[in-house]
Amino acid sequence: MSVTRISGFATKAIHAGEEPDFRDGATGDVVVPIHLSTTFARKKVTEPTAGYEYTRSLNPTRKALESKLAALENAKYGLAFSSGLAAETTVLLSLLKTGDHIVAFDDLYGGTKRLLNHVFTSYEVSYADATDVSLVEKAIKPHTRLVWIESPSNPLLKLSDIKAIAELSHKHGLILVVDNTFLSPYFQKPLDLGADIVVHSSTKYIGGHSDVLGGAVLLNNSDYYERIQYHQNAVGAVLPPFDSYLTARGIKTLAVRLEQHQKNALAIAHYLQQHPKVKKVIYPGLESHPQHALAKRQATGFGGVLSFEIKGTISDAEIFLEKLQIFALAESLGGVESLIELPSLMTHASVAKEIREQIGITDTLIRVSVGIEDVNDLIADLEQAFN
Ligand SMILES: *Cc1c(COP(=O)(O)O)cnc(C)c1O
């Protein structure tokens, strides 16, 4: 299929990597088959059939997904991993060596911080408030090699200026990695803004149905790609064939899902904003968000996650959450179903209370991953829980 025919995002999401095979003996499947075979037979000792030898190294179903993911992020190369953290681990392992320094956003996903603080202990890390580019610059040292950011962050939905941080990183000869899980490539394309590497937890919006774990790395630099691909095979952190199929199936509706996630999130943000029991609503799509202008400049949408603080105590928050009937009281995000959680007692329970309060994760801050149900039902559910 020619590139011109698949230039739009939704078209790529459906067709990239899954062009029907019309070669002799092929059947023209419109969906890539699930190739479960772990090994591939060859006719000649030195000639692997179509490049396939062993599934950890290369598998046709995973390869189809990787082409699709690369097409969506406008990347030359894509790699699919067994989880978001497996993707992150492989990037960190491939590009840095003992003693190298990393500047990381102080509001990163907790699992990423755990990797940096407790697994890659041979690297040095400085955390900076990446909402302010000058603080990122201040944290750079002579042995800094890499900058790691996430925008918007979780659960406070703070933004970093990806283009400005990419320019800064390149001025200092550093690699910029952006975790693009929260907005997905449908709303934000960090490589187009100058980032070197995009990582994803495809467990979230990309898979989209809370039924498959996965991670991805997308990039244009062939040297970094070869190093990461080498380590992916060496370490074995690959996405299995069935999971690759499920993820590719989820991607086909990414555009329509995210439009609806965003529509519902905006309606709920407006509902909460005028509610007498709500103290504060945080959503980049609201004009009250301090970085609303940046959100509009660097992304084409605001996503489906919002946070709000209710008036009262932590037990008021618990009672409210336990009364909900449609919203599932659960961690994670990005699925078609609405999820809601209390960071102070769930996702961020391991963060010390003083630090939580300092950065704004108060006892009554609630995070919502707004699903694509009928928004009237979602608002009615919130309303009955408030009463
Ligand atoms: C969930 C998540 C991860 C980790 O991904 P897993 O698939 O759970 O390993 C990384 N970054 C962000 C922003 C996430 O939300």
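I looked up S201 first: an N or O atom in its side chain is 2.8 Å from an oxygen atom of the ligand, a polar contact (a pair of N or O atoms within 3.5 Å). This is a predicted model, so I kept in mind that local features need pLDDT of at least 70 and side-chain atom pairs pLDDT 80 or more, while totals for chains, interfaces and linings use all residues. Numbering runs from 1 along each chain as its sequence is written, and side-chain values use heavy atoms, with hydrogens and water left out.

Next I checked T203, where a side-chain N or O atom is 2.7 Å from an oxygen atom of the ligand. At G84 I found a polar backbone atom 2.9 Å from a ligand oxygen. Taken alone the ligand exposes 380 Å², and the protein buries 93% of that (Shrake-Rupley areas, 1.4 Å probe).

Where does the ligand sit? I found it in the largest pocket (more than half of its atoms within 2 Å of the grid points). A pocket is an open set on a 1 Å grid over the protein atoms alone, with protein on both sides within 12 Å along at least five of seven lines.

Conventions
A polar contact is a pair of N or O atoms within 3.5 Å; within protein, one must be able to donate a hydrogen and the other to accept it, and residues adjacent in sequence count only if both atoms are side-chain atoms. On a 1 Å grid over the protein atoms alone, a cavity is a set of points where a 1.4 Å probe fits but cannot get out, and a pocket is an open set with protein on both sides within 12 Å along at least five of seven lines; lining residues have an atom within 4 Å of a point.
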